[in-house]
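Hi,

Here is the structure I promised to pass on. Have a look, and my notes follow below.

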Amino acid sequence: GDQDPIVPAQNFKVLDTYLEEQGADVTIFRHGQSHNLNEEELTNAKSWLAKSGRLADWRRRRKTMQRFGFEQYGDPSVFETIEAPIPEPKTGQVQLQVLGFGLNPYDASLRRGEQAAFRKVKFPVVPGTDVLGRITKLGEGVTDFAIGDLVLNYRPIGGYSEYVTASTSKIYKKPTALSFLDAAALPQVGLAAFNILHYMLSLKPGQTLAVIGASGGVGAILVQ
């Protein structure tokens with residue numbers, strides 16, 4: 001932008017077109033009057049893009065994302081950044097840009113290897129069952145949601161990512177009264193509490209339920 005020694009912000013019209021032709025996924029903010037670059041300016045700009053690696057970086061970012069996972073069990077130090085393709089939604093699915101994800105005790109147990117005897121996983125493992133996301137793409141046949149909708153997503157694994165895909169049966173529109181922080185932490189404990197109360201217990205009107213461990217996530221929601 002304005003701090004660029006080669007191309008000031010008001011000259012980005014032609015450069016923006018060049019980037020678009022190269023397949024770069026960028027947003028240019030123009031603060032001044034746009035005008036065409038002369039040949040020398042455009043040559044300098046192209047040279048700078050190539051030498052700085054920014055064009056390659058833009059190309060890469062258009063198709064790939066970062067995830068947070070591990071290649072072996074252990075303490076938190078086993079976590080690493082993993083580059084992966086951005087997933088595309090299938091029929092009945094949506095693509096979500098992850099705005100937040102919940103950290104659950106199960107995720108830590110999975111990372112330590114305590115679930116290895118019960119759940120076979122393929123490395124690298126990307127944990128994450130709770131996701132708050134914004135819909136960025138719709139798969140074929142999706143009509144109940146729209147691009148831009150904020151939704152909660154409960155998933156089996158993989159939430160520690162920049163993007164995920166999810167079936168429409170696994171997402172729910174975020175209530176406006178719910179903060180982003182609370183929404184990201186709600187799916188797993190909320191569904192656990194709901195299933196305990198409505199399916200696992202045979203409660204009748206007038207009965208009293210004592211919630212032991214009411215200070216935890218599931219217990220707190222059961223009390224409410």
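Is Phe 123 buried, partly exposed or exposed? Phe 123 is partly exposed, at a relative accessible area of 32% (buried is under 20%, exposed over 50%, partly exposed in between, with a 1.4 Å probe and protein chains only). Before going on: this is a predicted model, where local features need pLDDT of at least 70, side-chain atom pairs count only at pLDDT 80 or more, and totals for chains, interfaces and linings use all residues. Numbering runs from 1 along each chain as its sequence is written, and side-chain values use heavy atoms, with hydrogens and water left out.

Now the rings. Phe, Tyr and Trp rings (the six-membered one for Trp) pair if their centres lie within 6.5 Å; planes under 30 degrees apart are stacked, over 60 edge-to-face, the rest tilted. That rule gives 8 aromatic pairs.

Then the inside. A nonpolar core here is a set of buried Ala, Val, Leu, Ile, Met, Phe, Trp, Tyr and Cys residues joined through side-chain atoms within 4.5 Å. The largest has 11 residues, including Leu 96, Val 131, Phe 145 and Ile 171. Another core, of 8 residues, lies apart from it, with Val 78, Phe 79, Ile 82 and Leu 110 among them.

Cheers
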